[in-house]
Each structure stands twice: as C-alpha cells, then as structure tokens.
Amino acid sequence: MLQEEPDDGMSRRDMLKLIGLTAGSAAMYQAMTSLGYAAESGYKGRIKLEGDPKGASVLILGAGLAGLTAALELRQAGYKVKVLEFNNRAGGRNWSLRGGDTYTELGGATQKCEFDDGLYLNPGPWRIPFHHNGLLDYCKRLGVKLEPFQQLNHNAYLHSSKAFGGKPQRIREIKTDFQGHTSELLAKAVKKGELDELVTKEDREVLLQALRSWGALDKDYAYKVGDLTAEFRGYAKDPGGGLGAEPVAGQIIGLSDILQSRLWLGLTSFTLYEFQTTMFQPIGGMGKIGEAFAKQVGDLITYNAKVTKIEQNDKGVTVFYEDAKTPDIVQKAIADWCVCTIPLTILSQIDIQVGDAMKAAIGAVPYASSVKVGLQFKRRFWEEDDVIFGGISYTDLPIRQISYPSTDYNSTGKGVLLGCYTWNGPNSYELTAMAPEERVKRALEYGAQIHPQYKTEFENGISVAWHRSPFTLGCAGDWTDEARKEHYDNLCQIDGRIVLAGEHASYIPAWQEGAILSSLDAIGRLHKRVLQG
Amino acid sequence: MSDGKGAVGAGHYPSLVRNEALKSNGYAVSLVLRGHKAMPPFGRMLSDDQVAAVVNYIRTHFDNDYTDAVTAQDVKDAR
C-alpha cells in the first residue's frame, strides 16, 4: 500500500491535481490508476461523445440498464433516439416487486405481490460492489440514494442439514474456530521444524507471532476455550453489568466437526472481491435505478414492443415489432443505427441480419438458472429473537441462502426475507419447474429448519424463477472460457449498423456494471463510426 | 409448461407435444447434454441414467410414441 503522504511533502491529491492541470484528464486518469485511485471496474468516468452526429438516428432495443445508459448518453450527444421495450416498464432485470405489483411468468401463472408498503423483493440484482464505479456514478447522477448492503454478518448462520444435528451455527463461531485450529496446527508444524525448508529462520519467528494474533492462540500457541478466544468468537454468556455479570466463554467447536460439516465452504463467499464490504443497495429497492433512468429517457421508450425481425442494409436498420397485447399488428421502426441489448436467449430466436460470426456468437451463450423467493413475516423475528441484523445465512438446503433485510434495522413491524436464492444446479431447475406457490411453500418448509418462527409468523410470499421470465428466458449469460475465446469478440464487434450490448457482452456477466460498461463501450465505438461517415 | 406445450414471451420455448424433432433419439440426447441456444446444457448436472430417463420420458409422453429407448450407455457414448 502507498503511504498517505509521499516523502517529498506533496500529498497524493496535490500531485494528481498538478498532473490534471498540466496534461489533461487522460493523463490524470492514467496517473490515478497507477497510484491506486480511480476506476476499479474499467469505468473510465463519464463518457464524452464529442463531435456532431448530424442528426443521425439510433434505435435501441431493450430498456434494461444497457439500453437506458445508451439512450441517456446518445440523446445527450445529439442523436435522435428511440427505444423499444418488451415489458410495460423500464429497467429489465433491474426490478423490484412491491405490494400491488403483478407478475406473469412463462406457463401463465400470475402472482400478485401482497407485501406491505415499503417492503419489496429484488428478483434480479440486489447488491452493488464498491468497485462497480460505473453503476455507482449513474446512481449519483440520477439521484438514486444508496444504503449499505450487509453481505457478511458474523451473527448470521452457516447451516448444514447433515451436521450438528441440523442446528445452524453462527458464522463468527465457525470462522474463529476454523481459523484458530488451523493456526494452531500450522504453529505446531513450524515449531517442530517441519517447515524449515520452506520458511527462513527470521520469518519463522514472525510467522509464529502472526499465527498467534490471527488465530487467537495463547502464549503456548494453543487454541483453547477462554477469555481470549471469546473476544473473537463471542460468549456463552455475554459480559453484563452489576451482579452476576461476569462473562462465560463458550465451548470451542472441534476441528474435525468443522471439517466434516463442510460449513467452511460458506466462509469463502464473504472474502470474494465481488462480495467484499462495502456493498450497497438503493433505498427502496434496486428497481429505483431503472425508475430513475426512466424519468430521464422514458419519453423515448415504446413499451410492450416485441421485436420479431431486425434487418439492415448500407443505409440503415429496420426493426419489425408487434404490440405484445395485439400481436397481429406488425409495426416498423427505422433508424440509421441500432444498439441491440436483447438477451441472447431471445435474440438467438429472432431473425437478425448480421454476419455468420456474430450469429454464431449469439447462439453460443446459455443462461444461468436462478430462483428467488420473497417472504413477508408479521415481525422481524430474525432481529428480535436471533439477533441477526442484515447479512446472509448459507445452507445446504435447496433454498441455499436466507438474506435478511439491510434496511429499517431494529424497527417494529413486518419485514421481507429473501427466503431462497439459487444459482444453477439441479435444485434451481427443480424449483423452476414448480408452480410459484409451490416454490413459496418449499422455501417456508426449508427455511423453518433454520428459523422455526417461519411457521407462526409467515404472511405471504412471491417467487421468480428466471428461466420462466418472459423477457429473458434465463438469468444471465453463463459463459464458459471456451465459448468466450471463440465468440466473445465476434459478439462485441459492430456488424454493419448494429452493435450488441448488455451484461452478456461483458466480463462481468450477471452484474449491472457489466451491462453499463458494455453499453458505454458499444456506443463509444458506434459514435466513432458515425463520425467517420 | 408441465403440459409440455412450451410457452411464448419475448422469445419462446418450443412445444414438446407431437414434436418431430424428437424422432432422432441421438438429437434429443445431444440437446439435453449440450443445450442449444436458449436451452442450457445439462451434461454436467445429470448422470447418464438421468439423461436417458429424461429423453425416454419425453419421447413417450406428450403424444410422442417413439419406442426406441436410449440407454445410459448411449448417453455415455454421446458425451
């Protein structure tokens, strides 16, 4: 890590200001990156589409975050912009289901969301990593207020139906004990000289100190029940005030029990770059972002437009579409250029006039399966009874996760849990195959094994299985390395007058940042092409 | 969709009912293993037996009556 003040007495910020003033913003950006500031996700700051497009028109297909970003920026750059959207709302997978909303999935089942005011389910994206700078910048520009999203809550659970008699374990206990036991083992090996070939004598001493600190080991490098370990893993009886307030340290969970339980699997997700703190969520639901975009560019969008055919020649692009409600009437939209953000699952079924390479790419990406269930309860028992404020419990049950709301902490009244979040795997498809009310029922049955309060506190629920979503036929682009190698560049190239964009055309699939970065890259290249004439 | 009739949205899932594409059992096996466009691959998720069971079920239900059942060995060979 860089020290805060360089030795020459000039602060890093002063230095950046100097570079910015003398060499322009590109040099400043380069310098910022090399000094460890600025763009983490590849976001290069607000896009500058300089030069006159001379009234050129662009037709954007899809009003998800990729399409909305393109619409906002291209209009600002002087293009005539129109957007066709299949749904009757903007946002695409950026979406919150709230009380009064209805959702009809493929197969025909319609659910009405019965949540109370202010409660919601984000069926699609639900959290924003701190390094998704593009999305964060648009939130700032559009006035979307954010709040912290709890990814790691040490007091949430790790649960295995096959270990500890099915009793959920606190993350802090598993984490501290696992760290303690492994540190103790490693310290023993160091002291016995078993690592002498691998670690120098000078480092051995420091390593032992580090293991003692990292693993909460005692002076003899043992991981033992006591005040020290309790300071990390928590107490059987917390310290209090007055008489009888002395704390009691809890029992340590044995290494073999932790290993065999496989609960250590649940510890890794919190350490992944994409899930590290700080994460964010928009106040009031992820859908606030799509809604805020729609306030800016809603006048450009034709809703309920189902695209059936995309043609192009050297003069322009013609897109045929039906009104989703009156499918017999085919309409035409014409423009000089086209930014197509339609998911590949659907685009691969549409007659589109592009070259063979792009066509092959469009057909090469299957979409991941995912199911979410939102459950409304009469009271926030996870806070009141279980002392869990936000965060996620992981389980080996088919629901995989229970996420507690990262908002309205410590309040009375109702709350909505994310009672199931699957990602690929057989159980995700099994849940997808069920009727929506059956998914809710299963989420309740499984969840009650972790929180028995489910049985008495449940009020209503709603579920979204992404392979039944009429507007995506799946959750997100599920690239393999081989497919990416063969098809990714072909997918992203401009083909005549058409360019594709969306999370599927990014290296951050399934994340909103991928959609935005893909869109900015696509319109940047398109704009250059337009200026070339 | 449990009726096998498929569904239509912005795109569609084809109907399995009296579906002539199921005539070739090899094609059906390959589709389940490797997927095709919007249909995801199931090769890594399902065993040979499971793939054979799915294919045989579809080819003898939904008004399909193809009697040349596939075996787990057929699936293994097709992987």
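Me: How much area do chain A and chain B bury between them?

Reply: About 1600 Å², with 64% of it on carbon and sulfur atoms. Buried area is the accessible area (1.4 Å probe) that two parts lose on being put together, summed over both. This is a predicted model, in which local features need pLDDT of at least 70, side-chain atom pairs count only at pLDDT 80 or more, and totals for chains, interfaces and linings use all residues. Residues are numbered from 1 along each chain as written, chains are lettered from A and ligands numbered from 1 in written order, and side-chain values use heavy atoms, without hydrogens and water.

Me: Which three residues supply more than any other three of the area that chain A buries against chain B?

Reply: A:Leu106, A:Gln349 and A:Tyr429, with 27% of that area. The contact (heavy atoms within 4.5 Å) takes 20 residues from chain A and 14 residues from chain B.

Me: How many salt bridges are counted between chain A and chain B?

Reply: The count is 0. Over all chains, the structure holds 27.

Me: What makes A:Glu291 and A:Arg98 a salt bridge?

Reply: The test is a side-chain nitrogen of Lys or Arg within 4 Å of a carboxyl oxygen of Asp or Glu. Here the N to O distance is 2.9 Å. So the pair qualifies. A:Glu291 sits in helix H9 (residues 288-297) of chain A and A:Arg98 in strand E3 (residues 97-98) of chain A, 193 residues apart. Helices (H or I, at least four residues) and strands (E, at least two) are DSSP runs, numbered from the N terminus.

Me: Why are H1(B) and H2(B) called oblique to each other?

Reply: Helix H1 (residues 25-34) and helix H2 (residues 48-59) of chain B pack at about 130°, axes 10 Å apart. Axes are lines fitted to C-alpha atoms over the stretch in contact, and angles run from 0 to 180 degrees between N-to-C directions. Under 35 degrees is roughly parallel, over 145 roughly antiparallel, 65 to 115 roughly perpendicular, and the rest oblique. The angle falls in the rest, so H1(B) and H2(B) are oblique.

Me: How is the contact of H1(B) with H2(B) divided by residue class?

Reply: H1(B) brings B:Asn25, B:Ala28, B:Val29, B:Val32 and B:Leu33, while H2(B) brings B:Val51, B:Val55 and B:Arg59. That gives 6 nonpolar, 1 polar and 1 charged. Ala, Val, Leu, Ile, Met, Phe, Trp, Tyr, Cys and Pro are nonpolar, Asp, Glu, Lys and Arg charged, the others, Gly among them, polar.

Me: What makes H3(A) oblique to H9(A)?

Reply: The two helices pack at about 55°, with axes 10 Å apart. That angle makes H3(A) oblique to H9(A). The contact joins A:Leu135, A:Tyr138, A:Cys139 and A:Leu142 of H3(A) to A:Ile289, A:Ala292, A:Phe293 and A:Gln296 of H9(A). By class that is 7 nonpolar, 1 polar and no charged residues.

Me: Why are H2(A) and H3(A) oblique to each other?

Reply: The axes of helix H2 (residues 65-76) and helix H3 (residues 133-142) of chain A come within 13 Å and cross at roughly 60°. H2(A) and H3(A) are therefore oblique. A:Leu65, A:Thr69, A:Leu72, A:Glu73 and A:Gln76 of H2(A) meet A:Leu135, A:Tyr138 and A:Arg141 of H3(A). The contact has 4 nonpolar, 2 polar and 2 charged residues.

Me: What is omega for the peptide bond from A:Thr277 to A:Thr278?

Reply: Omega is near 0°, and the bond is cis. A:Thr278 lies in the loop between helix H8 (265-268) and strand E13 (279-282) of chain A.
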